[in-house]
Amino acid sequence: VGLSTRVAEQLSQAGLPPDLLQLELTESSLVDAGEEPVRRLRELRALGIDLAIDDFGTGQTAISQLHRWPMQ
């Protein structure tokens, strides 16, 4: 079972809508992420879960790279 399925199941069991959940990821965890983690993030966004970047600007990531990640 994938991450998005497990998260959806937990939200359902708790009776919570996905838009009440916001997952925060650090810039450093995203910089070296390959396509698989980005695909999983897109799946979470498709469920309606908010994604946010914590500590953006503390690393070497350019603002132009933000389009790669499915954040709001």
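Here is a short chat about the predicted model shown above.

Me: What kind of model is this, and how are residues numbered?
Reply: It is a predicted model, with residues numbered from 1 along each chain as its sequence is written. Local features need pLDDT of at least 70, side-chain atom pairs count only at pLDDT 80 or more, totals for chains, interfaces and linings use all residues, and side-chain values use heavy atoms, with hydrogens and water left out.

Me: What's pLDDT, and what does the chain average?
Reply: pLDDT is the predictor's confidence in each residue, from 0 to 100. The chain averages 80. At least 70 is the score of 72% of the residues.

Me: Which element has the lowest mean, and which the highest?
Reply: Helix α2, residues 27-31, has the lowest mean pLDDT among the elements, at 71. Helix α1 has the highest, at 94. Where pLDDT is low, the predicted coordinates should not be read in detail.

Me: How many helices and strands are there?
Reply: Three helices and two strands. From the N terminus on, they run α-β-α-α-β. Helices (H or I, at least four residues) and strands (E, at least two) are DSSP runs, numbered from the N terminus.

Me: Start with α1. What length should it span?
Reply: Helix α1 has 12 residues, 3-14, and should span 16 Å at 1.5 Å a residue. Its end C-alpha atoms are 17 Å apart, which agrees. The expected span is 1.5 Å times one less than the number of residues.

Me: Which residues of α1 are buried?
Reply: Ser4, Val7 and Leu11. Seen down the axis of α1, the buried residues fall within an arc of 65°, so they line one face of the helix. The arc is that of the directions from the helix axis to the C-beta atoms. Buried means under 20% relative accessible area, exposed over 50%, and partly exposed in between (1.4 Å probe, protein chains only).

Me: Why would residues three or four places apart point the same way?
Reply: An α-helix has 3.6 residues a turn, so residues three or four places apart do that.

Me: What's on the other side of α1?
Reply: Gln10, Ser12 and Gln13, which are exposed.

Me: And what do the buried ones pack against?
Reply: Helix α3, residues 35-47. Contact means heavy atoms within 4.5 Å.

Me: OK, α3 then. Which residues are buried there?
Reply: Val38, Leu41 and Leu44. They cover an arc of only 115° around the axis, which puts them on the same side of α3.

Me: How far does α3 reach?
Reply: It has 13 residues and reaches 19 Å from its first C-alpha to its last. That is close to the 18 Å expected.

Me: New topic. How many salt bridges?
Reply: Two. A salt bridge is a side-chain nitrogen of Lys or Arg within 4 Å of a carboxyl oxygen of Asp or Glu.

Me: Which residue does Glu43 pair with?
Reply: Arginine 39, with the closest N and O atoms 2.2 Å apart. Both lie in helix α3, four residues apart, about one turn of the helix. Glutamate 43 is partly exposed at 28% relative accessibility. Arginine 39 is partly exposed at 38%.

Me: And Arg45? Which partner does it have?
Reply: Aspartate 50, with the closest N and O atoms 3.8 Å apart. Arginine 45 is partly exposed, at 26%. Aspartate 50 is buried, at 18%.

Me: Where does Ile49 lie?
Reply: In the loop between α3 and β2. Isoleucine 49 is buried, with a relative accessible area of 0%.

Me: What does it touch?
Reply: Val7, Leu11, Pro18, Leu21, Leu23 and Leu44, not counting residues up to four places away in sequence. Isoleucine 49 and serine 4 are 45 residues apart in sequence, yet 9.7 Å apart in space, C-alpha to C-alpha.

Me: What about Leu51, buried or exposed?
Reply: Leucine 51 is buried, at 3% relative accessibility. It lies in strand β2, residues 50-54.

Me: Last one. How much of the chain is buried?
Reply: Buried residues make up 24% of the 72 residues.
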